[in-house]
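Keep the sequence and the model open side by side while reading.

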Amino acid sequence: MIDLFKANYDGIMKAFWETNYMMIYSMLTVFFISLPLGIMLFSFSRDYLLKNRAVYEGLSIALNALRSVPFLIFVFILIPVNRFLFKTSFGNIAAILPLTLVGVSIYARFVEQALINVPKKIVDRAISMGATKIQIIRYFLLPATMDNLILSFTYTTISLLAYTTVMGVIGAGGLGEFAFRYGYQEYNYDLMYLIVIIFIVYVFIIQSIGYGLAKRFTNKKEK
């Protein structure tokens with residue numbers, strides 16, 4: 001395997017950085033959109049925050065619609081949107097939009113669920129202390145669920161890593177396309193298995209970082 005890696009080093013590293021490009025930009029966007037969106041979803045379903053059933057149902061339907069469309073078809077549907085926004089429907093930059101939208105639909109729901117699972121006594125304590133709506137979210141709800149938010153973001157990241165493997169259909173490259181083109185299509189199955197091993201290591205690193213951060217916040221919460 002080491003000799004195989006050395007023989008294909010340039011191609012593997014190029015594909016690796018293509019995957020990282022898609023992951024970094026999409027996950028940053030997912031975080032900054034999904035966290036407030038998930039908080040809004042939760043807020044619109046609670047009387048002590050911003051109770052509004054119509055807005056909540058509208059957001060829920062939109063998120064459910066994003067999650068319901070098969071991802072490969074979703075990529076093709078967004079081609080005209082990519083052309084309008086980025087003047088291209090091909091390459092790494094065209095992969096960011098579908099990855100981001102799917103990531104948002106996943107992580108926003110995780111944020112909402114994490115907030116729903118916050119013990120009621122924490123909310124009651126915040127209300128009894130006269131906390132404002134923003135203070136309830138900022139100083140009570142988010143700190144109480146930080147570990148769950150981190151673990152959920154870790155899961156979302158791993159899910160998007162899997163989605164990047166099909167982005168070769170619009171020329172975005174990445175490890176998935178490399179394994180398919182130079183491994184499967186050229187009957188070089190050892191190379192394909194090598195890429196699988198790289199994915200396993202990649203997921204292990206992401207999971208270790210996420211679990212480590214979550215454990216750190218859990219320990220702080222218990223002190």
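Lys-87 sits in the loop between α5 (79-86) and α6 (92-116). Helices here are DSSP runs of H or I with at least four residues, strands are runs of E with at least two, and both are numbered from the N terminus. Although Lys-87 is not a glycine, its phi is positive, about 60 degrees. Its relative accessible area is 70%, so Lys-87 is exposed.

A word on where the values come from. This is a predicted model, in which local features need pLDDT of at least 70 and side-chain atom pairs count only at pLDDT 80 or more, while totals for chains, interfaces and linings use all residues. Residues are numbered from 1 along each chain as its sequence is written, and side-chain values use heavy atoms, with hydrogens and water left out.

Tyr-187 lies between α9 (175-184) and α10. Its phi is positive, near 55 degrees, in a residue other than glycine. Tyr-187 counts as exposed because its relative accessibility is 66%.

Now take the whole chain. The protein has 10 helices and 0 strands, and its pattern along the sequence is α-α-α-α-α-α-α-α-α-α. The C-alpha trace spans about 65 × 45 × 25 Å along its principal axes. Of the 223 residues, 43% count as buried.

With a relative accessible area of 64%, Ala-7 is exposed. Ala-7 and Glu-186 are 179 residues apart along the chain, and their C-alpha atoms are separated by 15 Å.

Pro-143 and Phe-217 are 74 residues apart in sequence, but 8.7 Å apart in space from C-alpha to C-alpha. Thr-157 is also found in α8, and its relative accessible area of 11% is why it counts as buried. From Thr-157 to Gly-210 the separation is 53 residues in sequence and 9.8 Å between C-alpha atoms.

Rolling a probe the size of a water molecule over the atoms shows where empty space is left. On a 1 Å grid over the protein atoms alone, a cavity is a set of points where a 1.4 Å probe fits but cannot get out, and a pocket is an open set with protein on both sides within 12 Å along at least five of seven lines; lining residues have an atom within 4 Å of a point. Grid points are joined across faces, edges and corners, and a volume is the space filled by probe spheres set on the points.

The largest pocket holds about 560 Å³ of space. It is lined by 21 residues, and the closest to its centre are Met-27, Leu-28, Phe-153, Thr-154 and Thr-157. Two or more lining residues come from each of α2 (9-43), α8 (133-163) and α10 (189-222). The most come from α2, which gives 8 residues. The lining divides into 17 nonpolar residues, 4 polar and no charged. In this count Ala, Val, Leu, Ile, Met, Phe, Trp, Tyr, Cys and Pro are nonpolar, Asp, Glu, Lys and Arg are charged, and the others, Gly among them, are polar.

An unreviewed entry places "transmembrane region" at residues 20-42, 54-79, 91-111, 149-171 and 191-214. Positions follow the numbering used here, feature names are shortened, and annotations may be inferred rather than shown by experiment. In the model, residues 149-171 are 65% helix and 0% strand, with end C-alpha atoms 33 Å apart. Residues 191-214 are 100% helix and 0% strand, and their end C-alpha atoms lie 35 Å apart.

Terms used:
Buried means under 20% relative accessible area, exposed over 50%, partly exposed in between (1.4 Å probe, protein chains only).
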